[in-house]
Amino acid sequence: MDKSLGKRNLAFWKSMQERALSIKVEEEEKKQQVPFLDKDCISNILIRVPLESLPSSRFVCKTWYNIINSPVFIDERLRCSESVLIFLKPVPNESSYPFSSTSKQPKQQNNFSVEASLGESGLEPVPLLWKPTITGPKFSIHFVKFEDGKSKIGEYNVSCQGHIRATCNGLILLDNKLKKGGLIVMNPITRKLLALPPGTIYPPHDESYGFVFSDATGEYKVVHLFRDELGHVSCETLNIGTRCWRPVNGPAFGLFGWFGYKPVSAIEALHWIPQIDHNDYIVSMEVENDKFHTVPLPQSCRTYDRILEMGGLLCFVAHEELNIDIWKLKSLCSGDTWTKHYSICSGSVIDMFPVFGLRMSGDLIFKRDEDGSCYAYDFKLQEMRKVEMDDKLLRFYNSDTYLPHVNSFVSWMKNKVASH
């Protein structure tokens, strides 16, 4: 009886010890576990992470990767991203760059070469008699952001040889220096790119490119205007999905005097100022049906006047004596007319023209022709303030090389994101 009782007691104590050990292990595991957060909560946190940190954040875990790469997150991130100005900065003391990685030329850390990537990835076929270098100037792609009354230069660590022809939702349209007349669609943040076939080849001063997103088709479209020797302006378009150029009926003869102003994308259309000075109308092309219109302006457009997109609407910013009037157009539908929304009263705005509007803060950025300085107009405070310029930003003279842009994760794939 005593031996039997001892065995039962021993078994009991062993069971108690195992149970205590099991509880201790469970408690230790609970301490090491990360508190559970649902995907919506994680997404709300990641949407506030600076864009430059998001590429590396994708690889923290599978959940983060799926969230950051989801169309919903990309769309929301685009909605809350502030607009910037994208531009090309010449790379000093370098007239060509190597196509292969065997060059002795120094390379910037993490620098991404557009042309080299096209050739090495097979997106552009390399001819058998390929020369070791691509001649011509090389540029690095930068952007200017405006916040708290200051401008700051940002870098993508991306280099190219082609000029930026147009921008749309974070994508840029570049000249393809590996193929005459060819183009490249690229997102400088994700560094994804796509080569497009050449269209009709004309000198740069006799052509104009537009880049738009169609809500109706969910596709990105390239619009190409070009003027022949007789002054006739023709048009062709290319859907990124099909990568095929299609001729469309161009604007009426005599409407365009030059292609110096970049087209503005707003209210489901592209819009051009067709003359250097004394414009009484703009030329607009509907994205959905490729139909051209002439839209009368509320007053004659002069040298320092511009059209631009603000809050999804088309705006005409016009000088009137010592004031700047801001007119808005909601659509191209018949019956819609320009309405005056603001009048900036200041005697110091005579030689200033608008560059672009900030998407989030709503400020309107002006450039002064005399010294290249920038000013921001705050509509809430009704104040015009001089912007403190970044030391890296040389005089802001040639504003045509600075295009409105927004940093995003947007892709050109169909139905990925809506236009904003």
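Are R227 and D206 buried or exposed? I looked this pair up before anything else, working from a predicted model. R227 is buried, and D206 is buried as well.

**Entry: the R227 pair**

I then checked how the two side chains meet. R227 and D206 form a salt bridge, with 3.4 Å from N to O. R227 belongs to strand β12 (residues 219-227), while D206 sits in the loop between β10 (192-196) and β11 (207-214), so the contact ties together parts that are 21 residues apart in sequence.

I stayed with strand β12 and turned to K221. K221 forms a salt bridge with D290, and the closest N and O atoms are 2.8 Å apart. This pair links distant parts of the chain: K221 lies in strand β12 and D290 in the loop between β17 (279-286) and β18 (292-301), 69 residues apart. I noted that D290 and K221 are both buried. I also recorded a network, in which salt bridges that share partners join D363, D378, E383 and R385.

**Entry: a salt bridge within a helix**

Which residue forms a salt bridge with E76? I found R79, with the closest N and O atoms 3.7 Å apart. E76 and R79 are three residues apart in helix α5 (residues 71-79), which means that about one helical turn separates them. I looked up the accessibility of each residue. E76 is partly exposed at 39% relative accessibility, and R79 is partly exposed at 43%. For the whole structure, I noted a total of 13 salt bridges.

**Entry: aromatic pairs**

How many aromatic pairs does the count come to? The count comes to 14. I examined Y202 and F226, which form a stacked pair, 5.3 Å from centre to centre with 25° between the planes. Y202 is in the loop between β10 and β11 and F226 in strand β12, so that distant parts of the chain, 24 residues apart, are linked by this pair. Y202 has a relative accessible area of 22% and is partly exposed; F226, at 10% relative accessibility, is buried.

I next examined Y304 and F353, which also form a stacked aromatic pair, with a centre-to-centre distance of 6.4 Å and 15° between the planes. Here too the pair links distant parts of the chain: Y304 lies in the loop between β18 and β19 (306-310), and F353 in strand β23 (residues 352-357), 49 residues apart. Y304 is partly exposed, its relative accessible area being 25%, whereas F353 is buried, with a relative accessible area of 7%.

I returned to F353 for its charged contact. The charged end of R306 sits over the ring of F353, 4.5 Å from the ring centre. Separately, I recorded that F256, F259, W272 and F292 form one aromatic cluster.

**Entry: the open sheet**

In what order do the five strands of the open sheet stand? I read the order as β3-β6-β5-β1-β27, with mixed pairing. β3 (112-113) and β27 (403-406) are at the edges with a single partner strand each, so one side of each has no neighbour in the sheet.

I followed β27 to its partner. Strand β1 (residues 83-90) and β27 run antiparallel and are joined by four bridges. In this pairing I noted that V84 stands opposite H405 in β27.

Note on methods. Residues are numbered from 1 along each chain as its sequence is written. This is a predicted model: local features need pLDDT of at least 70, side-chain atom pairs count only at pLDDT 80 or more; totals for chains, interfaces and linings use all residues. Side-chain values use heavy atoms; hydrogens and water are left out. Two strands pair if DSSP finds at least two bridges between them. Helices (H or I, at least four residues) and strands (E, at least two) are DSSP runs, numbered from the N terminus. A salt bridge is a side-chain nitrogen of Lys or Arg within 4 Å of a carboxyl oxygen of Asp or Glu. Buried means under 20% relative accessible area, exposed over 50%, partly exposed in between (1.4 Å probe, protein chains only). Rings of Phe, Tyr and Trp (its six-membered ring) pair if their centres lie within 6.5 Å; planes under 30 degrees apart count as stacked, over 60 as edge-to-face and the rest as tilted. A charge sits over a ring if NZ of Lys or CZ of Arg is within 6 Å of the ring centre and within 35 degrees of the ring normal.
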